[in-house]
Amino acid sequence: DTGVSQNPRHKITKRGQNVTFRCDPISEHNRLYWYRQTLGQGPEFLTYFQNEAQLEKSRLLSDRFSAERPKGSFSTLEIQRTEQGDSAMYLCASSLNSGSTDTQYFGPGTRLTVL
Amino acid sequence: RKEVEQDPGPFNVPEGATVAFNCTYSNSASQSFFWYRQDCRKEPKLLMSVYSSGNEDGRFTAQLNRASQYISLLIRDSKLSDSATYLCVVNIRNDYKLSFGAGTTVTVRA
């Protein structure tokens, strides 16, 4: 399968714990995005990487959230001191910068439940 | 005002029926529009891009009305497998960031 992959698919944690999610984009894609989706809503943009550079962070991404893409390939999203409000589906997407509007392909998501 | 707004539905239709729904967007200068499909507890998948002149992909027809800032999706000859949530997606600021509507739920019954 050469699509976007995410691990883990599900994560249950207790409030106050730290969690880290991984995203592996489609191999030739240089753009990578993180979104968050809560029940009954569409995905909301969190952050964006072009290669290894993080070019934008949404105001939704508090100081407890950090994302990296160290070699311009896979990315990690870490949430420190999790809160119940962090419970959501975290989606990763990737695209190839082709000079026009890119088509973003989504991974299966990591479903986080904070108890 | 939300950047992208959709009628949440649900639309419950019999097999073979035609169903259509719209979404509106906030920025008249937006240039790129999409419909994504999302099955329950799955990731969004691109259904089709929406072009200025309107476009079809099999039983699916997308239309763009720039003057009124809305996009529509029409599904003809509905199949049970069309049951899903349809997300209206707009590149609001013509950059890399997509803005999603909350989705329109369609249920096709036998």
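How many salt bridges are counted between chain B and chain A? The count is 1 salt bridge, a term that denotes a side-chain nitrogen of Lys or Arg within 4 Å of a carboxyl oxygen of Asp or Glu. The partners are the side chains of A:Glu56 and B:Lys97, with an N to O distance of 2.5 Å.

The model is a predicted one, in which local features need pLDDT of at least 70 and side-chain atom pairs count only at pLDDT 80 or more, while totals for chains, interfaces and linings use all residues. Residues are numbered from 1 along each chain as its sequence is written, chains are lettered from A and ligands numbered from 1 in the order in which they are written, and side-chain values use heavy atoms, with hydrogens and water left out.

The interface may be described further. The size of an interface is often given as the accessible area lost when the parts come together. Here chain B and chain A bury about 1,600 Å² between them, and 53% of this area lies on carbon and sulfur atoms; buried area is the accessible area (1.4 Å probe) that two parts lose on being put together, summed over both. Chain B contributes 17 residues to the contact and chain A contributes 22 residues, contact being defined as heavy atoms within 4.5 Å. Between the chains there are also 5 residue pairs in polar contact, both residues at pLDDT 80 or more. A polar contact is a pair of N or O atoms within 3.5 Å; within protein, one must be able to donate a hydrogen and the other to accept it, and residues adjacent in sequence count only if both atoms are side-chain atoms. On the side of chain B that touches chain A, β4 (32-38) and β9 (84-91) of chain B each supply at least two residues, strands being DSSP runs (E, at least two residues) numbered from the N terminus. The largest share of that side, 4 residues, comes from β4(B).

Attention now turns to the disulfides. The whole structure holds 2 disulfides over all chains, a disulfide being a pair of cysteine sulfur atoms within 2.5 Å. In chain A, A:Cys23 is joined to A:Cys92 with an S to S distance of 1.9 Å. The torsion about this S-S bond is about -65°, so the disulfide is left-handed. A:Cys23 lies in strand β3 (residues 19-24) of chain A and A:Cys92 in strand β9 (residues 88-95) of chain A, 69 residues apart. A:Cys23 has a relative accessible area of 0% and is therefore buried, where buried means under 20% relative accessible area, exposed over 50%, and partly exposed in between (1.4 Å probe, protein chains only). In chain B, the disulfide joins B:Cys23 to B:Cys88 (S to S 1.8 Å). B:Cys23 belongs to strand β3 (residues 19-25) of chain B and B:Cys88 to strand β9 of chain B, so the pair ties together parts that are 65 residues apart in sequence. B:Cys40, by contrast, is exposed, because its relative accessibility is 68%.

Most residues other than glycine have a negative phi, and most peptide bonds are trans. A cis peptide bond joins A:Asn7 and A:Pro8, with omega of about -10°, and another joins B:Gly9 and B:Pro10, with omega of about 5°. B:Gln69, although not a glycine, has a positive phi of about 55°; B:Gln69 is placed in the loop between β7 (60-65) and β8 (70-75) of chain B.
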